[in-house]
Amino acid sequence: MLSDRMAKALNEQVNAELYSGYIYLAMAAYLESADLPGAAHWMRMQQKEEDIHAMKIFDYIVAKGNRAEMKAIEAPPFEWESPLAAFEAAYAHEVKVTGLINGLVNLAIEEKDHATNAFLQWFVTEQVEEEESTQNVARQFRLLGNAGGGGLFMLDKELGTRPAPAPPVAE
Ligand code: FEO
């Protein structure tokens, strides 16, 4: 069983992961409207990944004998200045999520909750990838600058090849 404090904090992280998915879905909608179907696809795949993150924590709460609680999910922004701005915002969001995960680890250590600390280490590693992947795409858009045209077409095509995330392995 998780302490009330730990359970509440993990529940908040389920909400934060669902919000992450929601913000990436909003970015997908924006990128579709900007005629970048490949970049929109990339964001759709990111949304699926966030769903997996949320469910991983949900399942952990259940496995510990606590009850997951669904709270309202905040509405994400609707508009971004440019595709680059959207991917920069995605990177900034991932940095924020890394901070949330670190906060959860700190709490688990404070509570001497070794199981939750061990569980959270997967997310610590995952966040390195999450920051790297969003930053990489932002960098590619930045390199293109205002060139647009053929380069933008090629980048969008490449982003459209992002595979769907693998379903989580049963533990
Ligand atoms: Fe669930 Fe993108 O961190």
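**Buried polar residues and nonpolar cores in a helical model**

Leaving aside neighbours within four places in sequence, Glu126 is in contact (heavy atoms within 4.5 Å) with Glu49 and His53. The model is a predicted one, in which local features need pLDDT of at least 70 and side-chain atom pairs count only at pLDDT 80 or more, while totals for chains, interfaces and linings use all residues. Residues are numbered from 1 along each chain as its sequence is written, and side-chain values use heavy atoms, with hydrogens and water left out.

Glu126 is found in helix α4; helices (H or I, at least four residues) are DSSP runs, numbered from the N terminus. Glu126 is buried, with a relative accessible area of 10%, where buried means under 20% relative accessible area, exposed over 50% and partly exposed in between (1.4 Å probe, protein chains only). Pro83 lies 43 residues from Glu126 in sequence and 24 Å from Glu126 in space, C-alpha to C-alpha.

His53, a partner of Glu126, has its place in helix α2. His53 is buried too, with a relative accessible area of 1%. Not counting residues up to four places away in sequence, His53 touches Glu17, Trp122, Phe123, Glu126 and Glu130. With Glu17, the side chain of His53 makes a side-chain polar contact at 3.4 Å; such a contact is a pair of N or O atoms within 3.5 Å, and within protein one must be able to donate a hydrogen and the other to accept it, while residues adjacent in sequence count only if both atoms are side-chain atoms.

How do the two helices lie? The axes of α2 and α4 come within 12 Å and cross at roughly 170 degrees. Axes here are lines fitted to C-alpha atoms, for helices over the stretch in contact, and angles run from 0 to 180 degrees between N-to-C directions. The two helices, α2 and α4, are therefore roughly antiparallel, a label for angles over 145 degrees. Residues meeting across this pair include Trp42 and Tyr60 in α2, and Phe119 and Val137 in α4.

The largest nonpolar core has 23 residues, and Met27, Leu31, Met43, Phe87 and Phe141 have the most contacts inside it. A nonpolar core is a set of buried Ala, Val, Leu, Ile, Met, Phe, Trp, Tyr and Cys residues joined through side-chain atoms within 4.5 Å. Helices α1 (4-33), α2 (37-63), α3 (83-110), α4 (114-144) and α5 (149-159) each supply at least two residues of this core, and α1 gives the most, with 8 residues.

Methods. Parallel < 35°, antiparallel > 145°, perpendicular 65-115°, else oblique.
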